Amino acid sequence: MPPIITVTNLSKEYRTVKRHSGIGGSIRTLFTREYVTTQAVDDVNLTIQRGELIGYIGQNGAGKSTTFKMLTGVLLPTTGHIEVDGLIPFKQRQKLAYRIGSVFGQRSQLWWDLPLKESMEILKTIYRIPTEIYKQNLAEFDEILGLGELLEKPVRQLSLGQRMRSELAAAFLHNPEIAFLDEPLLGLDVVAKEHVRQFISESNRRRGITIVLASNDMADVERLCQRMLLIDKGHLLYDGTVDAIKHEYAPYRTLIVHTAETYTDAWVENAELVESEGTQLKFRFLRSINPQQLIANLSTRYEITDLLIEEPTLEDVIRGMYEETNKQRKEQGR
Ligand SMILES: Nc1ncnc2c1ncn2[C@@H]1O[C@H](COP(=O)(O)OP(=O)(O)OP(=O)(O)O)[C@@H](O)[C@H]1O
């Protein structure tokens with residue numbers, strides 16, 4: 001089967017007027033038009049198969065939203081080619097709109113002053129959703145997202161978590177083939193996150209919807225996605241499994257223990273003490289080491305009152321990638 005999304009040599013440059021500070025600067029800005037170019041997406045190539053659930057991960061400003069805007073036809077690429085479900089997004093935006101659903105964290109597709117239910121009715125009309133399917137979908141979404149009493153409330157009165165649940169229901173109402181979800185978990189509390197995760201996972205598994213999920217939190221993506229694309233400064237740095245990326249570029253985990261007494265020279269086999277502050281000790285250990293064994297060994301020597309295992313963050317992984325690239329360049333004498 002051909003991929004549902006194909007992106008070839010995709011780049012996007014933003015050209016903005018350079019602003020100078022102060023009153024003098026403002027006058028200068030008015031009379032001398034100097035431009036700044038930002039390379040938001042830089043020569044990205046990727047393919048996504050029908051039915052995949054993919055994490056599109058990157059730090060703030062990495063280029064995730066810009067990619068999504070091009071994939072959904074909102075922005076015209078500077079160079080490169082995109083095909084989404086056989087369509088060219090910028091040229092066939094309207095046709096594509098019926099096949100995709102999107103959630104852009106900061107932007108709402110709902111009508112602020114209307115009760116949620118009325119927003120849903122409007123979407124039903126816009127997307128020409130048959131009444132039967134509309135009712136079925138709303139009932140099914142309600143089960144996971146708990147829309148119940150929210151339907152009668154004006155959207156402006158919804159909390160962030162309630163709004164995100166509503167945005168997701170709205171984006172999936174017309175049975176899209178593909179969904180682009182930009183930071184749908186950002187700022188949500190644990191309970192709301194769980195609703196949203198379950199909804200994303202079920203939509204992919206049960207309904208077979210291809211989902212691309214943008215996030216700057218690796219832990220969020222890890223729970224849902226097998227495959228992850230990592231973008232940094234517009235470049236696609238990695239395409240593979242979350243597990244492999246961690247093994248390759250962030251091989252260490254951190255064990256934080258709190259002890260009953262203060263120890264400055266604590267040690268344990270197979271781990272390195274990297275920080276000791278008061279009664280808190282931080283040990284770095286390789287992913288291949290069993291943490292339970294480590295904790296058991298530690299507790300024979302020290303009285304442990306609390307402990308926590310920390311996974312590497314996205315920053316750690318990206319740092320690891322650049323360090324590895326620099327090391328390889330040096331070895332090759334470049
Ligand atoms: N309309 C615009 N005009 C000029 N520069 C822009 C515009 N939109 C984004 N950029 C710049 O392009 C780069 C990529 O931004 P983008 O919003 O795609 O990143 P992102 O990965 O989605 O980040 P975030 O997680 O913060 O939303 C950033 O340097 C950003 O400042």
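## Loops, helix pairs and a ligand shell

Biologist: How many other C-beta atoms lie within 10 Å of Asn175, and how is Asn175 classed?

Modeller: This is a predicted model. Asn175 has 15 other C-beta atoms within 10 Å. Burial needs 20 or more, and 12 or fewer would mean exposed. Asn175 falls in between, so its class is partly exposed.

Biologist: Where is Asn175 found, and what is its phi?

Modeller: Asn175 sits in the loop joining H6 to S6. Asn175 is not a glycine, yet its phi is positive. The value is about 55°.

Biologist: Which loop holds Glu183, and what is its phi?

Modeller: Glu183 lies in the loop that runs between S6 and H7. Glu183 is also a residue other than glycine with a positive phi. That phi is near 50°.

Biologist: Is Glu183 buried or exposed?

Modeller: Count the C-beta neighbours inside 10 Å: Glu183 has 20. The cut-off for burial is 20 or more. Glu183 therefore counts as buried.

Biologist: Strand S6 covers residues 178-182. Is Ile178 in that strand buried or exposed?

Modeller: Ile178 has its place in S6. It has 22 C-beta neighbours inside 10 Å. The threshold is 20 or more, so Ile178 is classed as buried.

Biologist: Which residues does Ile178 touch, leaving out those up to four places away in sequence?

Modeller: Pro130 is 48 residues from Ile178 along the chain, and their C-alpha atoms are 19 Å apart. The contacts of Ile178 are a separate list. They are Ile4, Val84, Asp85, Arg99, Ile100, Ile209 and Thr210.

Biologist: How are H6 and H7 oriented to each other?

Modeller: H6 spans residues 160-172 and H7 spans residues 190-205. Their axes are 9 Å apart and meet at an angle of about 15°. Angles under 35 degrees pass the cut-off, so the pair is roughly parallel.

Biologist: Which residues make the contact of H6 and H7, and how do they divide by class?

Modeller: The crossing of these two helices, H6 and H7, is left-handed. H6 supplies Gly161, Met164, Arg165, Leu168 and Phe172, while H7 supplies Ala192, His195, Val196, Phe199 and Ser203. By class, the contact has 6 nonpolar, 3 polar and 1 charged.

Biologist: Which residues of H9 and H11 meet, and what are their classes?

Modeller: H9 and H11 cross in a left-handed way. From H9 come Ile245, Lys246 and Tyr249, and from H11 come Val317, Gly320, Met321 and Glu324. The classes are 4 nonpolar, 1 polar and 2 charged.

Biologist: Which of the 13 residues around the ligand come nearest?

Modeller: The shell around the ligand holds 3 nonpolar, 9 polar and 1 charged residues. Five names come nearest among the 13 residues: Tyr14, Ala40, Asn60, Ser65 and Thr66.

Biologist: Which element gives the most residues to the shell around the ligand?

Modeller: Elements giving two or more residues are strand S1 (5-17), strand S2 (35-48) and helix H2 (64-71). With 3 residues, the top contributor is H2.

Biologist: Where is Ala266, and which residues does Ala266 touch, not counting those up to four places away in sequence?

Modeller: Ala266 is in the loop between strand S10 (252-259) and strand S11 (272-277). With 16 C-beta neighbours inside 10 Å, Ala266 counts as partly exposed. Its C-alpha atom is 30 Å from that of Asp243, 23 residues away along the chain. Ala266 touches Leu273, Ser276, Leu281 and Tyr302.

Biologist: Of the residues of the chain, what percentage count as buried?

Modeller: The chain has 11 helices and 13 strands. Its C-alpha trace spans about 70 × 55 × 55 Å along the principal axes. Of its 334 residues, the buried share is 33%.

Biologist: Among contacts between residues at least 6 apart in sequence, what percentage join residues at least 24 apart?

Modeller: Take the contacts in the chain between residues at least 6 apart. The share joining residues at least 24 apart is 70%.

How values were computed:
Residues are numbered from 1 along each chain as its sequence is written. This is a predicted model: local features need pLDDT of at least 70, side-chain atom pairs count only at pLDDT 80 or more; totals for chains, interfaces and linings use all residues. Axes are lines fitted to C-alpha atoms, for helices over the stretch in contact, and angles run from 0 to 180 degrees between N-to-C directions. Angles under 35 degrees count as roughly parallel, over 145 as roughly antiparallel, 65 to 115 as roughly perpendicular and the rest as oblique. A crossing is left-handed if the near helix is turned anticlockwise from the far one by less than a right angle, and right-handed if clockwise. Two residues are in contact if their C-beta atoms, placed from the backbone, lie within 7 Å. Ala, Val, Leu, Ile, Met, Phe, Trp, Tyr, Cys and Pro count as nonpolar, Asp, Glu, Lys and Arg as charged, and the others, Gly among them, as polar. A residue is near a molecule or strand if its C-beta atom, placed from the backbone, lies within 6 Å of it.
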